[in-house]
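Here is a quick walk through a protein model for someone meeting it today.

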Amino acid sequence: LPRSPRIDIEVEDARRFLARDDRRWDLIAIDTFYSDSIPFHLTTLEFLDSLPVEPFVRIGSGGSPLRDGDAQRLARFAWLSELDLDGSAVADHDVAALRPLVNLAELRLGGARAGDDAMSTLDFPLLRRLDLDHSGVEHGVTYLTRLPKLEMLDLAATSVSEASIGALAELPLLHWIALAYCGIGPTTLASLEEVTPDDALRHPT
């Protein structure tokens with residue numbers, strides 16, 4: 001780094017430094033590595049909860065499974081606008097616990113164990129993007145009509161039912177749907193193409 005009176009360099013364990021420093025920060029970038037991974041004590045929700053920065057708009061699980069109580073702790077971050085839980089094996093009760101996150105605009109649940117029961121609890125009025133690829137959703141797509149701002153939906157590699165897909169036409173802002181490897185028939189695809197712009201519907205040719 002260049003020498004500058006505007007830059008203070010501290011050489012210390014990151015977590016201990018933040019614990020004893022009482023300043024607030026506009027941005028905290030976690031780019032700390034031990035060998036080829038971030039040290040575990042800098043990835044826990046307890047550490048993220050302690051960060052003196054606001055708003056923190058994105059939390060990712062890094063593919064790690066949520067532990068008991070993690071979803072409830074995440075729900076305290078009411079100002080979150082983006083939550084990435086791809087590959088974290090989120091279950092139905094975990095998704096239900098996230099309901100207080102009313103400011104969410106993007107939610108990624110790819111690979112989640114959560115299925116139709118979880119869809120019935122989704123109630124995020126500002127949600128614009130929802131990724132459910134490789135999740136357990138089937139008939140629960142009909143519950144997504146309660147997301148009036150939804151613009152992008154990824155259902156790739158799910159067992160979503162054709163009967164429930166038609167409900168998506170009720171979403172006024174939806175303009176991108178991924179349905180690759182869902183086994184959706186041509187009749188259902190044709191009905192969706194009537195309400196989505198050209199090239200917005202993604203499915204195998």
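## Arg108 and its partner

The side chains of Arg108 and Glu82 are joined by a polar contact of 2.7 Å (that is, a pair of N or O atoms within 3.5 Å; within protein, one must be able to donate a hydrogen and the other to accept it, and residues adjacent in sequence count only if both atoms are side-chain atoms). You'll find Arg108 in strand β3, residues 106-108. Helices (H or I, at least four residues) and strands (E, at least two) are DSSP runs, numbered from the N terminus.

Arg108 counts as buried because its relative accessibility is 15%. Buried means under 20% relative accessible area, exposed over 50%, and partly exposed in between, with a 1.4 Å probe and protein chains only. Leaving out residues up to four places away in sequence, Arg108 touches Glu82, Leu83, Asp84, Leu85, Asp86, Arg129 and Asp131. Contact here means heavy atoms within 4.5 Å.

## What you're looking at

This is a predicted model, where local features need pLDDT of at least 70 and side-chain atom pairs count only at pLDDT 80 or more, while totals for chains, interfaces and linings use all residues. Residues are numbered from 1 along each chain as its sequence is written, and side-chain values use heavy atoms, with hydrogens and water left out.

The protein has seven helices and seven strands. Follow the chain along and the pattern goes α-α-β-α-β-α-β-α-β-β-α-β-α-β. There are 205 residues, and 42% of them count as buried. Take the contacts between residues at least 6 apart in sequence: 41% of those join residues at least 24 apart. The protein exposes about 11,600 Å², with carbon and sulfur atoms supplying 51% of that; accessible areas come from the Shrake-Rupley method with a 1.4 Å probe, and for residues only the protein chains shown count as cover.

## Around strand β5

Next stop is Asp154, in strand β5 (residues 152-154). Asp154 counts as buried because its relative accessibility is 12%. A polar atom of its side chain lies 3.0 Å from the backbone nitrogen of Ala156. Not counting residues up to four places away in sequence, Asp154 touches Leu130, Asp131, Leu132, Asp133, Trp176 and Ala178. Gly110 is 44 residues from Asp154 in sequence, yet their C-alpha atoms are 8.6 Å apart in space.

With a relative accessible area of 5%, Thr158 is buried. Its side chain has a polar atom 2.7 Å from the backbone oxygen of Leu155 and a polar atom 3.5 Å from the backbone nitrogen of Val160. Beyond its neighbours within four places in sequence, Thr158 is in contact with residues including His134 and Tyr181.

His134 and Tyr181 deserve a look of their own. Most residues other than glycine have a negative phi. His134, though, has a positive phi near 60 degrees, and Tyr181 has a positive phi of about 60 degrees.

His134 is in the loop between β4 (129-131) and β5, and is exposed, with a relative accessible area of 52%. Tyr181 is in the loop between β6 (176-178) and α7 (186-193). Tyr181 is exposed too, with a relative accessible area of 68%.

## The nonpolar cores

Which residues touch the most other members of the largest nonpolar core? They are Leu130 and Leu155, in a core of 39 residues. The elements giving two or more residues to this core are α3 (70-74), α4 (92-97) and α5 (116-119). A nonpolar core is a set of buried Ala, Val, Leu, Ile, Met, Phe, Trp, Tyr and Cys residues joined through side-chain atoms within 4.5 Å.

Leu155 is in contact with Val137, Val141, Ile165 and Leu168, among others, leaving aside neighbours within four places in sequence. There is also a second, separate core of seven residues, with Leu18, Ile28, Leu48 and Leu51 among them.

## Val11 on the outside

Val11 lies in the segment before α1 (14-20). Val11 counts as exposed because its relative accessibility is 81%.
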